[in-house]
Amino acid sequence: MLEHVLSKARQILEDARLNLSVDMAASIEQVYSDIETLINFIKREIDIIENNMDLDESAKRTARREVLEKAGRKLEVVKTKRTYATLDKELEAKLLNASVPGKDENSLLKFLREREIRDRLFGMTEAQIKSHFGDSLLDGSNLLLLDAILNAPPGFELFPESTLKKLRWIRAIKLYPEAASKLEMAREMNSVSKKMLTLVKKELDSSRLKEIPLSFTKKNIPE
């Protein structure tokens with residue numbers, strides 16, 4: 001029933017081994033192992049039901065549905081353990097906080113230079129600023145310009161928050177490329193894990209629906 005899902009999950013795992021770091025691929029292997037264990041549980045329980053001569057077809061259908069519902073609950077536990085959205089958020093917050101432009105009280109010269117830049121930019125639109133400084137601003141090569149924009153006092157922001165968020169990320173990548181790479185890999189790991197688990201959930205939902213009596217499903221279809 002779920003063999004083809006396991007086959008697809010195995011292919012995803014092989015791709016992860018080729019494209020992710022050893023540690024992250026190992027995490028995906030844990031996801032695959034959990035899926036394999038879950039599928040083996042379903043197969044074992046279904047076999048027991050099918051071989052139970054005391055059950056008629058209606059009772060077997062009910063028993064199979066109960067197994068699939070239990071498997072669904074087990075899958076939710078796996079999803080809680082094996083998805084890494086929390087890790088993504090922690091790494092992103094750590095990276096962005098580490099790259100917040102410094103406001104050292106002793107850096108008077110830097111403060112004055114940033115203020116001079118803001119004075120020159122004041123009154124320009126976002127499009128005009130990007131037109132004049134787009135390359136150095138968006139590739140992170142002009143950190144002084146980035147800091148001048150990001151350190152603008154509240155109420156005097158040069159860009160909307162959506163653009164400032166992008167600039168904070170550009171600055172973080174420029175200053176901490178290794179940490180940014182680690183975050184990108186963690187996001188990829190999370191994506192791969194979710195892809196595998198979604199395959200299983202979709203098949204479980206489909207299989208569970210097939211075990212619902214036809215008369216019951218008809219009653220729930222609106223006229």
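A nonpolar core here is a set of buried Ala, Val, Leu, Ile, Met, Phe, Trp, Tyr and Cys residues joined through side-chain atoms within 4.5 Å, where buried means under 20% relative accessible area, exposed over 50% and partly exposed in between (1.4 Å probe, protein chains only). This is a predicted model, so local features need pLDDT of at least 70 and side-chain atom pairs count only at pLDDT 80 or more, while totals for chains, interfaces and linings use all residues. Residues are numbered from 1 along each chain as its sequence is written, and side-chain values use heavy atoms, with hydrogens and water left out.

Q: What makes up the largest nonpolar core?
A: It's a set of 37 residues, and those with the most contacts inside it are Ile28, Ile35, Leu38, Ile42, Met196, Val200 and Leu204. Helices 1 (3-19), 2 (22-50), 3 (57-82), 4 (85-98) and 9 (177-210) each supply at least two of its residues; helix 2 gives the most, with 11. Helices are DSSP runs (H or I, at least four residues), numbered from the N terminus. Apart from that core lies another, of 14 residues, including Leu121 and Ile170.

Q: Why is arginine 118 called buried?
A: Its relative accessibility is 11%, and the label needs a value under the cut-off given above, so arginine 118 counts as buried. Arginine 118 is in helix 5 (residues 108-121). Beyond four places in sequence, arginine 118 touches Ala148, Asn151, Ala152, Pro153 and Leu158, a contact being heavy atoms within 4.5 Å.

Q: What makes helix 7 mostly covered?
A: Six of the eight residues in helix 7 (residues 143-150) are buried: Leu145, Leu146, Asp147, Ala148, Ile149 and Leu150. These pack against helix 5, helix 6 (126-138) and helix 8 (161-175).

Q: Why is helix 1 called roughly antiparallel to helix 9?
A: Their axes come within 9 Å and cross at roughly 175°. Axes are lines fitted to C-alpha atoms over the stretch in contact, with angles from 0 to 180 degrees between N-to-C directions. Angles under 35 degrees count as roughly parallel, over 145 as roughly antiparallel, 65 to 115 as roughly perpendicular and the rest as oblique, so this pair is roughly antiparallel.

Q: What puts the charge of lysine 74 over the ring of phenylalanine 41?
A: The charged end of lysine 74 is 5.0 Å from the ring centre. The rule wants NZ of Lys or CZ of Arg within 6 Å of that centre and within 35 degrees of the ring normal, and lysine 74 is counted as sitting over the ring.
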